[in-house]
Amino acid sequence: MQQTTGNSDLFYVAPQEAPPARRPPALSVGALGWLRDNLFSSPTNSILTIVMAIAIVWAGGSFLTWAFRDAEWSVITTNLRLMMVGQYNPSEIWRVNLVALVTLFLCGASVALAAGVGRPVLVTLAVVIILLLIIPASASQVAPPPIRYLVTPALESNPMLFTGEAGQTVTVAVEPLDDNAAAAAGFSGYLENTAGLQNSRNAWNDIRAQINAETLDLSEYDLALTVTLVDAEGTALAEATSTPGARAVTFDATLPADGWYALLTTVPDDPTAGAAFVRLDGVHTFTTDTGSVAERVGRYGPIPSALCPTSGDCRQVAERDLRYEGARDLGTYFATQLAPFLEAIIVPVLTGIAVIIAGAALGSFARRSPTFRKQLLRALMVAWVVTLIGSWFVLRGFEGSDLLPVVPTSVWGGLLLTMVLTIVSILFSFPLGVLLALGRTSDLPILSAVCTIFIEVIRGVPFITILFFAKLIVPFFISATADIDQAIRMMVGMTIFTAAYLAEVVRGGLQIVPKGQVEASKALGLNPIQQTNLIVLPQALRAVIPAIMNQFVALFKDTSLVAIVGLFELLGIVDFIVNGQQQFRGLTREAYLFVGIIYFIISYAMSLASQWVERTGAGTASR
Amino acid sequence: MAEATGSNGHLGEVIIECDSVNKWFGDFHVLKDISLKVREREVVVVIGPSGSGKSTLIRCINRLEEHQEGKIAVDGVELTNDTKNINAIRREVGMVFQSFNLFPHLSVLDNITLAQRHVRRRPRKEAEEVAMQLLDRVGIPEQARKYPGQLSGGQQQRVAIARALAMNPKIMLFDEPTSALDPEMIKEVLDVMRELAHSGMTMMCVTHEMGFAREVADRVIFMDSGRIVEIGTPEHFFSSPSHERTQLFLSQILKH
């Protein structure tokens, strides 16, 4: 270059026309380009990618194997009501439903009005609806898995109740263990597991262990018995007797009509006669929650008193009384695990979705016209205030009211209690936190000192201590003799705890608002309250939305600590279910995973909401 | 707003009066015995090296800073700790800052209507009409719905001027309004200020734009180390400054 001409280095004039914009080279775009740039950009990165992929597949695979093959999800289906509302009076649950539906409607309308309804939301809702409709329907095509129960002279032998439809074929078999010892390792199906007959499960586990170890004395398990299929009136439809000579017997029976049936077993009086299993094929299990039982009674009539004089005497082909044992294929999984759960939630979930869509339709419609939009906005604000305040009274009820009798908060539980505690605490802690922050940054020394001390003391004490203090101290502030709800005491504790943390978060936000903003608002003649409300707080709060939401998510999860006053919110009720009821022992993982998922869904929804607020609305553009 | 009266004639009553004003930041004596009178429709440009107290002086005039000694009276009202007086004066005095200080969470239109609605109690519709007229006057009516962060520096400063004018102030204070701007944008802001001066607005303006001072100012004030060194008409000030410090200053800035 230097040799050719010196002048060309010193002078350059671009052509009058700028060169056209070109696309980037192919290797840096597209899927391959992305893989190369992000997953295999260097040897270290490639190794990390491969190691992580193996770890994910291994962990995910183990988890899915457990979840789809070994887990017993009936604990959730059976206890759904407890998990949702705790021991809220079953006859008053319509009040919870009402509050939930009104809230969902307002949510739908508010979100649609503020943000519109995007296609992803509609697609998600459609997929949920289709899954809810398809899976239970297709699962009913799958033959129900066998149901087994252990019979010994020493155990009770109450009738085993089930429901069936006209034309349905039921197969009953007596399975003495000597014939099935070889097959027992591959045993699968429902095993009877009632609290009263917990022994049958333990016995079966012992037996299986002995079979596997080949130490089982088969001669002890040679019970001969009589099995009788009866209808609701107690009329025998079919019968089979196993004898020491022919211990495995089977019969098929076609049910004559829709209704209740039972299987009776007659065993010899000899208590040392051994044991046998009765196997029942072609019968569907059912859940025993209130709604499902009511539906069953409506369809098949009340539980026949001829077979079941007192309810304690009955065993039922119900999920509460049965436990799925052994490996499953995917079809059986859907039929025995997922479908009953979906059936249990289909009505509430579809109703909820319908209400949300109705609200969203209203919101989307109003969005199009500015005047209607303004009217709806005003109406929604009023509706939210009325709903938030009214819900408390609807849920709690009034002394001496026939329509809304009192349901004390001590019986509230599950998700209901979790949400009430969270929402009430958020509603009170937010303004309190903002006031504390403003107080702490105030020029008035006394106010500032009081706020600072309050904040620092609360922040310096463990949350659980504050809840204890709330439990003990709140009554003194109101009236030493008044019996203040435990739930209210907990709300007070949670509110002041959260407010103290929020105050620090908000103070951080106040500090990042430049001094010039206050000066400009002063120069315009705004008074101090206007400066704070119109200029400083909107900017300060917007800056700390993620931190505020963080606090609210933490609050939501910390509601589980109210167990210390004997309230059973979502997490507490799970402990109550899996440790308090014998038939659900050992299903801890399933139950905790389920509530974990609920916690996650709600926390994630809160996180999405905060991201949305950050992204949209006034002042998104930075200064 | 008002017909152009020509900036060199028709000066009215005294509207800003400073009498032996002293101010300290801690131990630092930032304003020393400042005495000054500004008349209606007068344009006063304050120049001086940084740290000379010129910004502090005009910030004292609408009480963004408090003076500790002496007396400042604006439109006949003395500035004291009485909040009522301060608010009354701030309503009459508009201010434009070096860093614009627009409200980033409000649209341009809301920036201009906010104080009208909350301080002047104008209905929203009227406030928006005023705002649109002013945006027209500063030349950016098409930006009304945008947020400050979406505008260039020059546009932001013009919005800031419109925001101050929306309160119908009798006096406008400018605190280095073009110092934070790119050279290409300085002119658009100075044009607006020039037009404002010609319309008869009383203005006090801290600036380093000597061309603007020479062309628009009725009087130029030169400050150094917290005191007023020299006051004069632009002709006198730029051609034959009396004080040695002024001569040094002018020679420094005119040399580059």
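## A first look at a two-chain model

In helix H3 of chain B, the buried residues are Val108(B), Leu109(B), Asn111(B), Ile112(B), Thr113(B), Leu114(B), Ala115(B) and Gln116(B). Here, buried stands for under 20% relative accessible area, exposed for over 50%, and partly exposed for what lies in between, using a 1.4 Å probe and protein chains only. Helices (H or I, at least four residues) and strands (E, at least two) are DSSP runs numbered from the N terminus.

A word on the ground rules: this is a predicted model, in which local features need pLDDT of at least 70 and side-chain atom pairs count only at pLDDT 80 or more, while totals for chains, interfaces and linings use all residues. Residues are numbered from 1 along each chain as its sequence is written, chains are lettered from A and ligands numbered from 1 in the order in which they are written, and side-chain values use heavy atoms, leaving out hydrogens and water.

**Where the chains meet**

Back to helix H3 of chain B, which spans residues 108-118: eight of its 11 residues are buried, and the helix is mostly covered. What do the buried residues of H3(B) pack against? Their partners are helix H18 (528-543) of chain A, along with helix H4 (124-138) and helix H5 (153-165) of chain B. Contact here means heavy atoms within 4.5 Å.

Zooming out to the interface, chain B brings 23 residues to the contact and chain A brings 20 residues. The size of an interface is often given as the accessible area lost when the parts come together. Between them, chain B and chain A bury about 2000 Å², with 65% of it on carbon and sulfur atoms; this buried area is the accessible area (1.4 Å probe) that two parts lose on being put together, summed over both.

Side chains of opposite charge can pair when their charged atoms come close. A salt bridge is counted when a side-chain nitrogen of Lys or Arg lies within 4 Å of a carboxyl oxygen of Asp or Glu. One salt bridge is found between chain B and chain A: the side chains of Glu519(A) and Arg59(B) meet at 2.5 Å, N to O.

A polar contact is a pair of N or O atoms within 3.5 Å; within protein, one must be able to donate a hydrogen and the other to accept it, and residues adjacent in sequence count only if both atoms are side-chain atoms. Six residue pairs, both at pLDDT 80 or more, are in polar contact between chain B and chain A. On the side of chain B that touches chain A, strand S6 (93-96), H3 and H5 of chain B each supply at least two residues. H3(B) gives the most to this side, with three residues.

**Inside chain A**

Chain A holds 21 helices and 12 strands, and 43% of its 623 residues are buried. In helix H21 (residues 588-615) of chain A sits Ser603(A). Leaving aside residues up to four places away in sequence, Ser603(A) touches Val553(A), Phe556(A) and Lys557(A). Ser603(A) counts as buried because its relative accessibility is 12%.

**Salt bridges across the sequence**

Over all chains, 24 salt bridges turn up. In one of them, Glu504(A) and Arg440(A) meet through their side chains (2.9 Å, N to O). This pair links distant parts of the chain, with Glu504(A) in helix H16 (residues 486-512) and Arg440(A) in helix H13 (residues 414-440) of chain A, 64 residues apart.

In chain B, the side chains of Arg219(B) and Glu42(B) form a salt bridge (2.4 Å, N to O). Arg219(B) lies in strand S9 (residues 219-224) and Glu42(B) in the loop between strand S2 (28-39) and strand S3 (43-47) of chain B, so the pair ties together parts that are 177 residues apart in sequence.

| Residue | Relative accessibility |
|---|---|
| Glu504(A) | 15%, buried |
| Arg440(A) | 17%, buried |
| Glu42(B) | 2%, buried |

**Cysteines**

A disulfide is a pair of cysteine sulfur atoms within 2.5 Å, and the count over all chains is zero.
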